[in-house]
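Here is a short tour of the chain you are about to see. Have the structure open and follow along, heading by heading.

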Amino acid sequence: GHIMASRDHDVGAGDGLDELLGVLDHEYRRRILLALAESAGETAPSVRPSSASGDEPDVLELKLRHVHFPKLEAVGLVEWDRERDVIARGPRFDAVEPLLDALEAYPNESSATRN
């Protein structure tokens with residue numbers, strides 16, 4: 001991503017950064033965002049953490065639709081087209097992209113157990 005030195009809407013500590021970090025605290029949500037970060041286009045039609053994470057595929061699907069996608073959408077990290085089932089980068093995606101790299105560098109084992 002391109003980082004501009006000064007932005008009007010800079011994400012400060014008081015501007016929901018804790019909220020963003022809370023959202024990033026779950027492995028599935030990080031994987032969804034990483035898949036978006038790595039996709040060349042704006043959208044990633046098959047953003048799904050692998051079921052190797054322990055959940056059955058259908059259980060995983062339910063969790064993504066009822067927990068993870070809505071949560072990511074609520075904080076502006078993704079746009080979710082429910083009709084076409086497509087996830088795209090949201091308006092605040094750029095704010096967390098640098099964080100994703102840092103979080104991947106230091107994986108936190110305990111985070112997968114939290115919701």
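## Overall make-up

The chain folds into four helices and three strands, where helices (H or I, at least four residues) and strands (E, at least two) are DSSP runs numbered from the N terminus. Reading from the N terminus, their order is α-α-β-α-β-β-α.

Keep in mind that this is a predicted model, in which local features need pLDDT of at least 70, side-chain atom pairs count only at pLDDT 80 or more, and totals for chains, interfaces and linings use all residues. Residues are numbered from 1 along each chain as its sequence is written, and side-chain values use heavy atoms, with hydrogens and water left out.

## Surface and contacts

Of the 115 residues, 34% are buried, meaning under 20% relative accessible area with a 1.4 Å probe and protein chains only. The accessible surface is about 7000 Å², and carbon and sulfur atoms contribute 52% of that; the areas come from the Shrake-Rupley method with a 1.4 Å probe.

Among contacts in the chain with a separation of 6 or more, 56% join residues 24 or more positions apart. A contact here means heavy atoms within 4.5 Å.

## Helix 3 and its partner

Take a look at helix 3, residues 57-74: its 18 residues reach 24 Å from first to last C-alpha, close to the expected 26 Å. That expected span is 1.5 Å times one less than the number of residues. A kink of about 45 degrees is centred on Leu64, the bend being the angle between axes fitted to the seven residues ending there and the seven starting there. Leu64 is also one of the buried residues of the helix, along with Leu60, His68, Phe69 and Leu72. After helix 3 comes Gly76, with a positive phi near 80 degrees.

Helix 2 (residues 27-38) packs against helix 3 at about 70 degrees, with the axes 10 Å apart; axes are lines fitted to C-alpha atoms over the stretch in contact, and angles run from 0 to 180 degrees between N-to-C directions. The two helices are therefore roughly perpendicular, a label for 65 to 115 degrees.

## A positive phi at Asp85

Most residues other than glycine have a negative phi. Asp85 has a positive one, near 55 degrees. Asp85 sits in the loop between strand 2 (78-81) and strand 3 (86-89), and is buried at 19% relative accessible area.

## Helix 4

Helix 4 (residues 93-105) has a kink too, of about 30 degrees, centred on Leu99. Its buried residues include Phe93, Val96, Glu97 and Leu100.

Key: Buried means under 20% relative accessible area, exposed over 50%, partly exposed in between (1.4 Å probe, protein chains only). Angles under 35 degrees count as roughly parallel, over 145 as roughly antiparallel, 65 to 115 as roughly perpendicular and the rest as oblique.
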